[in-house]
Amino acid sequence: MQCFSPIEIEQYLLETASPYKQEMAKHIANCPRCRSLYQEQFEEQERWSSELFVEALPDSFTINVMAALEHEELDSESTRAAISGTKSSLFQQEIESSSAHVTVTENPSTVAAKGLLKRRAAIFWKPMIGVASLLILFSAVILYSVPTLAETLRSLFTHNNVDIGLLRAQELGLVEHPNIKIKDNGYTIMVNEAVADPTRVVIALQLYGPDGKHDRNRLVFGSENSIKIKDDQGKIVGKMYDMGATNDFYYLVAFFPEPLQTDRITIEGRLTQLGNPMANIPLSQGRWNFDFSIDMKEANKKTAITPLKGSYTAPDGMTVRLKRLTRMVQGVRLELDTELSEEALVRSPGELWKQQGLRFHLEDMNGEVIQTVNTRNVTKGRGMVMTQSSHSGDRPGLMHLSYTFEYLPMDKPYTFVFDGYFISERDDASVQFEPSKLKAQPVSFRFDGDELLLRDFTVESPPNTNGEEVEGSLHLDGKLRNENLQSEWTLKAFNGKEYAITMRGASTTENSSGWKDGYIRLGGPDLGGLFEFRAKGLAQIPDRLQLTRTVVDRLYTNVDWSAQIKEEIKKP
């Protein structure tokens, strides 16, 4: 997966990011650049959260409230109306996410005509600001004085955190309350909510420090800290990771590529280390281990299967077959099979044919988009792709693919629209260039809709390398029509020595208005500079080099197929 822009990282934190939340989280965890951007955005969100949701009422709160009131010259009649909520109130308070603002609403019984309101605007704003201050301060008093409100804010089911699957689980009474509370070395781990079905497990975990405040940066999951999921036979079926979707708790999720088939699962937490060196938080040791079980029988009863029919063979040799829908409490799993012709297999020898993916979208009978998968269209679907899986069949060319969605309509038909597919194939597209002249005379690489511009070549030494060796660095920017998931490149010197390429830099998807177009943009001013192809061990700038793409994730969009889906639910 490519690196993300600051805007995409911010959208990821605010729950409006790309549908591939799981893949994004894994990329951020392993990419220094994206992890740094994530930390910056996270700290900004944390500051807003700490300002709105302070853990304890400060001693100076009452003094500050009274001081603020003393300095406001309020019209007594409008003040009483605003606080009491009578029909003559001129204000409506709206608190949304991390901001509070006041909007003026006209009341015919108070303002006879808009002209009067305009003429009085100059003398009206000062008392209005005073009433706004009162409303915000009284809201703060309520927040501090009612503990249940604070507890509600820190829930899986708050406005900013909830998704359709969690709501459905709540409606069906499938939310568990394990009430885990483990304290060691001054820190307390709490788990008060958990939801599970054959699709996924979600838990809300909080870490409180010695000062009693929730600490969102100190717990890092890895070799020292893990939360595993076991079935009723003790087999590990999943591992939880932090989605980072909220500052109020650790939003921990495990997705299952195949629906679980077990009557009970056990959530087993092994937490032995707190601290985050990347955030300059020192390490400390302790034991915050816990485990609890969740009965899956009721969730399993809510699982239903619908067989699907329909197939299509694309001009270049891929056949797609709809297989079945599995509807579970928290999601819906769509399964398809793909099979390549003998001619298509020749283009993807060895194991390359297994590296493939589909592009499609789902729309209702009015043409409104419900879901999109792997498209670059700007249209947003109603839900998200929670997870996807692929594994090979019992003969070359056959693949079993699945996509699990948060939401698909159950009571109305909808349409599967096939937009294309991509698959790793052998390639030999290449270009020769003189590295020392690139800065003055850039060289183009243009093949099959991909357009790169080679702009410079340098030799980089540690620590500005991917290891301890010197690396040659080809600096470039441009756009790719094809995918860039499993592509492979080499640099070859004219003495015959060949160097494998690793990629470094930022890239982003260039949105499109159509379903079959759009590009991946590599580097550029908006992404922090040029993209780089790094060649390990290339210690000197040679006279000439040849850049060759040996494997391409070729994109095929010359397809034309759609199929209607209507669920006829059958119990498994």
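1. Strands are DSSP runs of E with at least two residues, numbered from the N terminus.

2. The model is predicted, so that local features need pLDDT of at least 70 and side-chain atom pairs count only at pLDDT 80 or more, while totals for chains, interfaces and linings use all residues. Residues are numbered from 1 along each chain as its sequence is written, and side-chain values use heavy atoms, leaving out hydrogens and water.

3. β15 pairs with strand β17 (residues 318-327) in the antiparallel sense over four bridges, pairing being assigned if DSSP finds at least two bridges between two strands; Pro-307 stands opposite Arg-324 in β17.

4. An open sheet of four strands runs in the order β8-β7-β11-β14 with antiparallel pairing. Because β8 (236-239) and β14 (290-295) stand at the edges with a single partner strand each, one side of each is left without a neighbour in the sheet. Strand β7 (residues 225-230) pairs with β8 over three bridges, and the bridge partner of Lys-228 is Lys-239 in β8.

5. Glu-483, found in strand β27 (residues 483-493), counts as buried because its relative accessibility is 11%. The side chain of Glu-483 makes polar contacts with the side chains of Arg-359 (3.4 Å) and Arg-376 (3.0 Å), a polar contact being a pair of N or O atoms within 3.5 Å, where within protein one must be able to donate a hydrogen and the other to accept it, and residues adjacent in sequence count only if both atoms are side-chain atoms.

Technical notes
Buried < 20%, exposed > 50% of the residue type's maximum accessible area, 1.4 Å probe, protein only.
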